[in-house]
Amino acid sequence: MNIVKQLALDLTALLYPNLCNGCGTPLVQGEKQICIKCLHDLPFTDFQSFADNKVHQLFWGRLHCDNAMAMLYFRKGSKVQHLIHRLKYKNQTALGITLGQMMGRQLLAADGYCGAELIIPVPLHPKKEKSRGYNQSKYIADGIASAMGIPVSTTHLIRQKETTSQTKKSRYSRFENMQYVFKVSNAETIRNKHIMLVDDVITTGSTLEASGTVLLNSGIGKLSIVGAAFAE
Ligand SMILES: [Zn+2]
């Protein structure tokens, strides 16, 4: 690279530095999306190390998943909420990949997840994906895939119904709201396979319950649920 080009790049980096998605300070060499201080402060759950963790308990009696975890605790006003907000609404798709890679490295070191054969991100309704421009969970899935060497599919699980906000609904109306939301296509190509279903934030679990149920009903062999964050 010639010196003029290098100077121009350095100047661009000076004027438009890559900022940490957690605290807004410029990132230094070797840091990706999140600075080392923010990384150090993140509230990791370590759920991948415990079979009866809170995410797994959330699905007891609702969805038969072989493994379930979320990487971070999500609390209102926290750095994790800020990160997820930037991933979902501020086009910070590379942050999704970085979070996914962190998850993938944790899952590689945990029992139960390594046998997964296909990663499926929870799809948005096509209309919503069009207005947002992307599905944040797809980027998390891509990050996990790159760390674990497992392929991603966005064609097997289809969202065919738009849903209204879940948070203020009772458990039964959430269930009603989620019926017939998802369908599986090409079921024969995932029959008996171990599927890893990926979401950004696990809150009530209704979306994962509905999408996981159609996958199980289509004949998959095993289901692992993974989320970037868990809101208690
Ligand atoms: Zn930071």
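1. Two residues are taken to be in contact if their C-beta atoms, placed from the backbone, lie within 7 Å. On that basis, among contacts in the protein chain between residues at least 6 apart in sequence, 74% join residues at least 24 apart. The model under discussion is a predicted one.

2. As to overall dimensions, the radius of gyration of the protein chain is 19 Å, which agrees with the value near 17 Å that a compact globule of 232 residues would have. Along the principal axes, the C-alpha atoms occupy a box of roughly 60 × 35 × 35 Å, and 38% of the 232 residues count as buried.

3. The domain assignment divides the protein chain into domain 1 (1-41) and domain 2 (43-230), whose centres, taken over C-alpha atoms, are separated by 30 Å. Seven residues from domain 1 and eight residues from domain 2 make up the contact; the side contributed by domain 1 comprises two nonpolar, three polar and two charged residues.

4. The protein chain contains nine helices and six strands. Four strands form an open sheet with parallel pairing in the order β1-β6-β5-β2, in which β1 (67-73) and β2 (118-121) are the edge strands, each pairing on one side only. Ignoring direction, neighbouring strands of this sheet are turned by 20° against each other on average.

5. Within the sheet, β2 and β5 (residues 194-202) run parallel and are joined by four bridges, and P121 stands opposite V198 in β5. Helix α4 (residues 79-89) packs on the sheet, where it touches β1, β5 and β6 (222-230), and its direction makes about 110° with that of β5. Helix α7 (residues 136-148), in turn, lies across β2, β5 and β6 and runs at about 130° to β5.

Definitions and conventions. Residues numbered from 1 in each chain as written. Predicted model: local features only at pLDDT ≥ 70, side-chain atom pairs only at ≥ 80, totals over all residues. Domains from an automatic or database assignment. Nonpolar A, V, L, I, M, F, W, Y, C, P; charged D, E, K, R; others polar. Helix = DSSP H or I, 4+ residues; strand = E, 2+ residues; numbered from the N terminus. Rg over C-alpha atoms; globule rule 2.2 N^0.38 Å. Buried ≥ 20, exposed ≤ 12 C-beta atoms within 10 Å, placed from the backbone. Pairing = 2+ DSSP bridges. Axes fitted to C-alpha atoms, helices over the stretch in contact; angles between N-to-C directions.
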